[in-house]
Amino acid sequence: MSYKGWFTPQNPNKYKGNAERIVYRSSWELRVMKKLDENPNVLWWASEELFVKYVSPVDNRVHRYFPDFIVRVKSRDGKESTKMIEVKPEKQTKPPTQSRKTRKMLAEVATYAINQEKWKAAELFCLEHGWQFMILTEKDLGI
């Protein structure tokens with residue numbers, strides 16, 4: 001899951017932002033981009049084009065969180081909705097379970113705590129805008 005590159009959409013008119021500068025940061029993000037680009041029910045989508053402010057529990061300072069995707073979709077009944085999507089390994093969505101205080105475990109605890117604050121801020125942002133926030137993991141992507 002650790003490769004990066006530039007995505008060239010087949011349907012650049014569906015992309016909100018600069019369609020020539022779409023960066024993916026993992027093979028999972030690339031997979032989502034391809035699905036968004038190809039899906040006829042996706043009216044438009046954007047990748048890291050919007051930020052949400054949150055307070056980090058590590059340094060107690062305000063930071064900017066750039067969700068992976070914002071997507072406008074049309075359902076089968078014709079209703080439109082907007083979704084904010086984050087793509088993450090399932091392991092990062094759950095509290096670390098290791099009990100020994102190693103550097104790795106402390107880093108995992110910090111990552112988990114930061115992610116939780118980002119996602120709380122994202123959920124609040126979505127609630128205020130009538131959107132839905134969702135986290136996709138490898139299980140959702142069929143990996």
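Good morning. I begin with Glu-48, which is found in the loop between strand E3 and strand E4, the latter covering residues 52-55. The model under discussion is a predicted one. Glu-48 is not a glycine, yet it has a positive phi of about 50 degrees. Because its relative accessibility is 24%, Glu-48 counts as partly exposed.

A second residue may be described alongside it. Asn-60 lies in the loop between E4 and strand E5, residues 62-65. Asn-60 also has a positive phi, near 60 degrees, in a residue other than glycine. How accessible is Asn-60? Its relative accessibility is 64%, so Asn-60 counts as exposed.

I turn now to the sheet. In general, the strands of a sheet pair through backbone hydrogen bonds, in either a parallel or an antiparallel manner. Here, 4 strands form an open sheet in the order E3-E6-E7-E8, with mixed pairing. The edges are strand E3, residues 42-47, and strand E8, residues 132-136, each of which pairs on one side only. On average, neighbouring strands of this sheet are turned by 25 degrees against each other, direction ignored. E3 pairs with strand E6, residues 69-74, in the antiparallel sense over 5 bridges. Within these strands, Ala-46 stands opposite Ile-70 in E6.

Two helices deserve attention. Helix H2, residues 103-129, lies across strand E7, residues 80-87, and across E8; it runs at about 145 degrees to E8.

Helix H1 comprises the 12 residues 27-38. At 1.5 Å a residue, H1 should span 16 Å, and its end C-alpha atoms are 17 Å apart, which agrees. Which residues of H1 are buried? They are Ser-27, Trp-28, Glu-29, Leu-30, Val-32, Met-33, Leu-36 and Asp-37. The cover over the buried residues of H1 includes strand E1 (5-7), strand E2 (22-24), E3, E6, E7 and E8.

Glu-29 is found in H1. Is Glu-29 buried or exposed? With a relative accessible area of 7%, below the 20% limit, Glu-29 is buried. Leaving aside residues up to four places away in sequence, Glu-29 touches Val-23, Tyr-24, Asp-68, Phe-69 and Val-87. The C-alpha atoms of Glu-29 and Pro-95, by comparison, are separated by 23 Å, the two residues being 66 residues apart along the chain.

Thank you for your attention.

Notes. Residues numbered from 1 in each chain as written. Predicted model: local features only at pLDDT ≥ 70, side-chain atom pairs only at ≥ 80, totals over all residues. Heavy atoms only, no water. Pairing = 2+ DSSP bridges. Axes fitted to C-alpha atoms, helices over the stretch in contact; angles between N-to-C directions. Contact = heavy atoms within 4.5 Å. Expected span 1.5 Å × (residues − 1). Buried < 20%, exposed > 50% of the residue type's maximum accessible area, 1.4 Å probe, protein only.
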